[in-house]
Amino acid sequence: MTTAPEADFVRHWSPSPGLVFLGPVEGSGLKDRSYLLQRGDGQIVQLSELLQLVMATVSPVKSADELARDISDAYGRELSVSGLLHLIDTRLAPMGLVHDADTDAADAVAPPRADPLLALRLRGTLLPEKAVNTLALILAPLYWSPVVATVLVGLAAVDILVFAKGDLLASLEQVLLTPALLLGIFAMLTAGAVIHELGHATACRYGGARPGVIGVGVYLVFPAFFTNVTDSYRLGRAGRIRTDLGGLYFNCLCLIGLGGAYLLTGQGFFLLAAALMHFEMIQQLVPTLRFDGYFVLADIAGVPDLFNRIRPVLLSLIPGRAVDPRVAELRTFARRIVTIWVVTVVPLLCLALGWMLLNLPMIVGQTADAIRQHTGLASEAIAAGDPAAAALSILSILMLSLPVIGLAILLYRLLLVLLDLLGRLGRRLWRMTAEPEAVVPRHLRAVKPQKAKPLQMGQPLQMGKPLQKGRSAMAIAVPPAAMPDEVPPAPLRAPAQFKARAALPAGAIPDDVPTLQDFLADRPTQPAPLAELGWQGAVRRLSRNSLSLGPGRRELAHLDAVEEVQRRLDGPRTVVVVNPKGGAHKTTATLLLAATLGIQRGGYTLAWDNNETRGTMGWRAPLAGHAGTAVDLMREVDRFEDPVLGRIGDLDRFVRYQGSAQFDVLASDEDAAGAATIGSREFDRLHTALRRFYRIIMVDTGNNMRSSNWEAAVAAADELVIVSTVREDTVASAVWLVDGLRERGYQDKVSNAVTLLAAPSLRTDLQLHDRTRTHFETLTREVLDVPYDKSLVSGGPLNYQALMPATREAWLRASAAVMRGL
């Protein structure tokens, strides 16, 4: 292992201003877990788990040695200072995510921005973000399932009536005889395009993300509207696909209006506008370019930007060539989708570009003639006092000019890409001729060095800007970070070094002799799990394992969460659930977290009601044949503090075993006439004794932040869980709690805390939810939502098996988030 220079141990880094942690990628097509982070300039960065951990840990008050130690403890593998420096200097700093704390962030070099070839150009804002979110919030009820079903049925009925009654040729003749009607059709189609984008924004807001601006620009050679829904990356696959199809859904509303207007008035331009809008919707579903169909396909595959996978896929298809790492990192299902898309789209785009280049002189000439003709018509219309004809001619000039301008920009950028490619090839050939590679015997090439490369703009960066639908491609997809033993690489062993073995002293072991670690490192990977859920599991069972399908995306996410929950701990851990307001879901959260951990980890989990006097956990947990409480256990705590006398079986008289949930409950005092209380001294003694018998202790706290047992629990916590229902008073209490914890010096515990937002009913205040989530995302490590479940409303004994599957899955993910902080 290499060591860093002494000066590097005292270096300090600060996160770049404006960073927002968006959380793990849901429904990703990548094999390894990845996370999303948004830079201050709006660009999205995709990080590996280790790099995410580095970003979450980096602080200007921590030295390199302290950072490496904290990251190693959290990651479960050793990260040396030299490895940390490698990650920061070659992965994070070049991307503008961190900067030296001793320098001003404004003096740093501007980080790379996404700038794909097929991007939207000449962009401008049509509706600002605030107006878009206001409209989206008002229109969000349109995505309720009954409303969606009604709209689709209504569209089918209107289309059938229009098809039976309409005469498209007569309508076309009517419009051609009255040119002013063309302006009306153009206005309706333009309004429909804006409504289309508003559909994307509303679907994004309905799913829980925050849309950005609605704007207009030029895509390829066509004018196009766009919506910035970059924040939809935080949604699951279903939420992202809903956002993708939201524009077409709002077009359905427009079609109902146009069809109804035609049926009521018989005006042909309504029928022609409806026919053209149907054509536009079909065009949007084509996945070759960045239209809605492209984003739907990308979200089904779980790959953010398909265009950035073209080069790796094509290189991997060359016979005899190894699979590119950016293809190998994809899951099998995603790899198949991406490969089929690449081999279909690349020939089509090449043919389209070739046709365009061959016909470029004709296109430019005819466009120039048409512009001159419409200029003359506009002059005549102005002189004749015909504003409608003049406006139509001016609009025609604009529509003719934009494609030519867009084509020129596309060809210019394509020329820059080709020149850059030729330059890189030339530099590579020059290096090959100037510095020929030394000839090394085949058996000595196993340790051939690979220089630590800086991040390049071609690979592994994925670059993109808000396009037709407006979602940015991943600005940066940072590759999986190398571990310290891979940084820096071993030196190349030359023949002279190889022959030096003969000079070794007797009994000495050469450096290149294989060891047990080398043998174990060569073990084959474990076979992938088989599907148990979804259609994949059904096919596997019906075929009696003849078709051994792997798990689907949802099941893989479930398995990842189970793996997080079941990971090894170095010792007993205490998790404290806090919110000083009653009815904040603390007791429910404590029991459900303990039940999930108990079921997945096989026991050794305790839920402890740490109230001064009386709590409600004993009422929510079924009795175990006795009414023992923490007060009763305190009277005999001496026995359990003794390593000889204390036995876990004797605790059964005080704790309440929860059967198949495989956890115990220690209730608070339930004697209405009793005067016993639990203070800080009693808590500390009980906590010390219970840590001998349980791996995880979930502590439910009372509502008095000033009580000594409350303060003792927070002081003893390895991790805090802040729970709140999405209600104004409960959220305000949680915010006040965090302010108090920070003032008492618990900043680190707040930064490592998990915030759980519980839905108080089927309908949640989305605006309050967004405000709450944004606030706590800046203060705590993770913020997760847990859904409303009617089985928890009564307040009676908790039955884990009565929970809805979505509720159990949400609490599994919450438990995984808790385990990541221990």
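Guide: A residue counts as buried under 20% relative accessible area, exposed over 50% and partly exposed in between, using a 1.4 Å probe and protein chains only. This is a predicted model, so local features need pLDDT of at least 70 and side-chain atom pairs count only at pLDDT 80 or more, whereas totals for chains, interfaces and linings use all residues. Residues are numbered from 1 along each chain as its sequence is written, and side-chain values use heavy atoms, with hydrogens and water left out.

Visitor: What percentage of the residues of the protein chain count as buried?

Guide: The chain has 822 residues, and 46% of them count as buried. It contains 30 helices and 17 strands; these are DSSP runs numbered from the N terminus, helices being H or I with at least four residues and strands E with at least two. A contact means heavy atoms within 4.5 Å. Among contacts with a separation of 6 or more, 74% join residues 24 or more positions apart.

Visitor: How many aromatic pairs does a search of the whole structure find?

Guide: Rings of Phe, Tyr and Trp (its six-membered ring) pair if their centres lie within 6.5 Å; planes under 30 degrees apart are stacked, over 60 edge-to-face, and the rest tilted. The search finds eleven such pairs. One of them is Tyr 143 with Tyr 206, a tilted pair at 5.8 Å centre to centre with 35° between the planes. Tyr 143 is in the loop between helix H5 (129–139) and helix H6 (145–165) and Tyr 206 is in helix H8 (residues 180–207), so the pair ties together parts 63 residues apart in sequence.

Visitor: Are Tyr 143 and Tyr 206 buried or partly exposed?

Guide: Tyr 143 is buried at a relative accessible area of 8%, while Tyr 206 is partly exposed at 27%. Tyr 143 also pairs with Tyr 249, again tilted, at 5.1 Å centre to centre and 50° between the planes. That pair links the loop between H5 and H6 to helix H9 (residues 237–265), where Tyr 249 lies, 106 residues apart. Tyr 249 is buried, with 7% relative accessibility. One aromatic cluster is formed by Tyr 143, Tyr 206, Tyr 249 and Phe 250.

Visitor: Which ring does the charged end of Arg 639 sit over?

Guide: A charge sits over a ring if NZ of Lys or CZ of Arg is within 6 Å of the ring centre and within 35 degrees of the ring normal. For Arg 639 the ring is that of Phe 640, with the charged end 5.8 Å from its centre. Arg 695 is another case, over the face of Tyr 604 at 4.7 Å from the ring centre.

Visitor: How should I read a pair of packed helices?

Guide: Two packed helices are described by the angle between their axes and the distance between the axes. Axes are lines fitted to C-alpha atoms, for helices over the stretch in contact, and angles run from 0 to 180 degrees between N-to-C directions. Under 35 degrees counts as roughly parallel, over 145 as roughly antiparallel, 65 to 115 as roughly perpendicular and the rest as oblique. The axes of H9 and helix H11 (residues 292–301) come within 9 Å and cross at roughly 170°, which makes H9 roughly antiparallel to H11. Residues making this contact include Ile 241, Leu 245 and Leu 248 of H9 and Phe 295, Val 296 and Ile 300 of H11.

Visitor: At what angle do helix H2 and helix H3 cross?

Guide: The axes of H2 (residues 49–57) and H3 (residues 64–75) cross at roughly 130° and come within 10 Å, and the two helices are therefore oblique to each other. Their crossing is right-handed; that is, the near helix is turned clockwise from the far one by less than a right angle, anticlockwise being left-handed. Among the residues in contact are Leu 50, Leu 53 and Val 54 of H2 and Leu 67, Ile 71 and Ala 74 of H3.

Visitor: Where is Thr 574 found?

Guide: Thr 574 is in strand S10 (residues 573–578), and is buried with a relative accessible area of 0%. Leaving aside neighbours within four places in sequence, its contacts include His 687, Arg 691, Ile 697 and Val 699. Thr 772, in helix H29 (residues 766–777), is also buried, at 4%. Not counting residues up to four places away in sequence, Thr 772 touches Val 731 and Leu 757.

Visitor: What is the phi of His 585?

Guide: Most residues other than glycine have a negative phi. His 585 has a positive phi of about 85° and is placed in the loop between S10 and helix H21 (586–601). Gln 662 also has a positive phi, near 60°. Gln 662 is in the loop between strand S12 (656–657) and strand S13 (664–666), and is partly exposed at 29% relative accessibility.
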